[in-house]
Each structure stands twice: as structure tokens, then as C-alpha cells.
Amino acid sequence: MSANRYRKDFSITWDQIHRDTRDLCARLYPREFKGIIAITRGGLIPAGLIARELNVRWIDTISVTSYDHMNQGQLNIIKPFDPVVGDGEGYLLVDDLVDTGKTARAVRELLPKACFVTIYAKPEGRPLVDECITEVDQDTWIQFPWDMGVSYVEPLVDQFNKD
Ligand SMILES: O=P(O)(O)OC[C@H]1O[C@H](OP(=O)(O)OP(=O)(O)O)[C@H](O)[C@@H]1O
Ligand code: HPA
Ligand SMILES: [Mg+2]
């Protein structure tokens, strides 16, 4: 699927993702988990924050590739999780967001009993996760802080004087 399905932007700051992840932890508490499995790469940041809040020390990853920036390609699992995880029972599976649900569906199949959480969700993927914090429209591209930088913005009067 191509980038032009996205019509809106929703920018998230580091503060915001930190607060949203803490809110997610408050929903999960007092559940206890044997470990966390982060879906790389986007799941690594919320997984680290959740591990701190819920005091989980056992952390693993499943590495999935599918997007080249906004263009969705073929999904590949390039690193599996530790076989000790079994069907996922008692484990927390974490990603930053669910969009079309393609990634979530593939990982869910491998770990049907894990508790699956994301911080952000779009409607097509929402039914695949057990918990999320913020839902955005399907045609919105979520801009994460690790994909952005601080840069100069021209004063409004100068922008208007050009037209
Ligand atoms: O619901 P979907 O349509 O499958 O999209 C969601 C997935 O896309 C992003 O990962 P991406 O493949 O961009 O890789 P990254 O985590 O390494 O950035 C995001 O982190 C999710 O894992
Ligand atoms: O909205 C998004 N933002 C960042 N990465 C993504 N990967 C799939 N959808 C998105
Ligand atoms: Mg990802």
C-alpha cells in the first residue's frame, strides 16, 4: 500500500509518548507478566518504559520488517522470539502502533495467548490489540519523535508576505 492513503499528520512528542505509555501501564497494573516481547523497532521504546513501570526484567524481541517509511511492503519476520515464550501465555507483547493490522495479525498468530498492547491504534488494526491509549483515523500518519527533529519555523508574517 502506498503513502498517498495518508491525508493527515498527528505528531507525537517524547513527553506525550512517555505520558501515554504510563497511562497504558496504569491500565495494566496490577497484572504481572513473565516477560515483555517488543516488536522491533517501534515497540522497543514503549517496551523499555513499560518494563520500568511494571518492574519487568525479562525482555525479548521479535523483529519484523514491512514499511519503507510510508510505503507498506512484504512482511518478513527476520528474528524470532525465544522459544521459552511458547504460545505467549503470561507475556506482554508490545508495539508502538497498529495501523492496517498486518504486523499485529502475523505476530498474534505466533503468540495467540499473549496480552498484546500498543500505544496508538487505527480502526483497521484496533480489534487485534487488547489495549491501546489513543485512537486516530485510518488516514492519519503518526509522526513519532524519533523520526523528527527540531528546526527553524519562519514567522507567520513572513510566510504570508511571500504569497
Ligand atoms: O498495522 P501495520 O500496517 O502492520 O503497521 C504497524 C507497524 O508498522 C510500524 O513498523 P514498521 O514496519 O514501520 O517498522 P519499524 O517498527 O522498524 O519502524 C509500526 O511500528 C508497527 O509495527
Ligand atoms: O502512522 C504511522 N506512523 C509511523 N509508522 C507507521 N507504520 C505504519 N503506520 C505508521
Ligand atoms: Mg514496527
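Helices (H or I, at least four residues) and strands (E, at least two) are DSSP runs here, numbered from the N terminus. On that basis the chain has four helices and eight strands, in the sequence pattern β-α-β-α-β-β-β-α-β-β-β-α. This is a predicted model, so to speak of local features takes a pLDDT of at least 70 and side-chain atom pairs count only at pLDDT 80 or more, while totals for chains, interfaces and linings use all residues. Residues are numbered from 1 along each chain as its sequence is written, with chains lettered from A and ligands numbered from 1 in the order in which they are written.

**Overall picture**
- Taken along the principal axes, the C-alpha atoms of the chain fill a box of roughly 65 × 35 × 25 Å.
- Of the chain's 163 residues, 27% count as buried (20 or more other C-beta atoms within 10 Å of a residue's own; 12 or fewer is exposed, in between is partly exposed, and C-beta atoms are placed from the backbone).
- Take the contacts with a separation of 6 or more: 57% of them come from residues 24 or more positions apart (a contact means C-beta atoms, placed from the backbone, within 7 Å).

- Six strands make an open sheet with mixed pairing, in the order 4-3-2-5-6-7 (two strands pair if DSSP finds at least two bridges between them).
- Strand 4 (71-79) and strand 7 (134-135) are the edges, each pairing on one side only.
- Strand 5 (residues 91-98) and strand 6 (residues 115-121) run parallel, joined by six bridges.
- Within that pair, valine 98 sits opposite alanine 121 of strand 6.
- Helix 1 (residues 14-28) packs on the sheet, touching strand 6 and strand 7, and its direction makes about 145° with that of strand 6 (axes are lines fitted to C-alpha atoms, for helices over the stretch in contact, and angles run from 0 to 180 degrees between N-to-C directions).

**Helix 3**
- Helix 3 (residues 102-110) lies across strand 2 (35-40), strand 3 (59-68), strand 4, strand 5 and strand 6, at about 145° to strand 3.
- Its buried residues include Thr103, Ala104 and Val107.
- Viewed down the axis of helix 3, the buried residues fall within an arc of 90°, so they line one face of the helix (the arc is that of the directions from the helix axis to the C-beta atoms).
- Those buried residues pack against strand 2, strand 3, strand 4, strand 5 and strand 6.

**The two ligands**
- Ligand 1 has 18 residues around it, the closest being Gly42, Tyr67, Asp99, Thr100 and Thr103 (a residue is near a molecule or strand if its C-beta atom, placed from the backbone, lies within 6 Å of it).
- Strand 2, strand 3, strand 5 and helix 3 each give two or more residues to this shell, and strand 5 has the largest share, with four.
- By class, the ligand 1 shell holds five nonpolar, eight polar and five charged residues (nonpolar is Ala, Val, Leu, Ile, Met, Phe, Trp, Tyr, Cys and Pro; charged is Asp, Glu, Lys and Arg; the others, Gly among them, are polar).
- Ligand 2 is surrounded by Tyr67, Leu97, Asp99, Trp141, Ile142 and Phe144, a shell of five nonpolar, no polar and one charged residues.

**Methionine 148**
- Methionine 148 lies in the loop between strand 8 (140-143) and helix 4 (156-162).
- With 12 C-beta neighbours inside 10 Å, methionine 148 counts as exposed.
- Apart from neighbours within four places in sequence, methionine 148 is in contact with Ser11 and Gln143.
- Methionine 148 and glutamate 53 are 95 residues apart along the chain, and their C-alpha atoms are separated by 26 Å.

Note on methods
Two residues are in contact if their C-beta atoms, placed from the backbone, lie within 7 Å.
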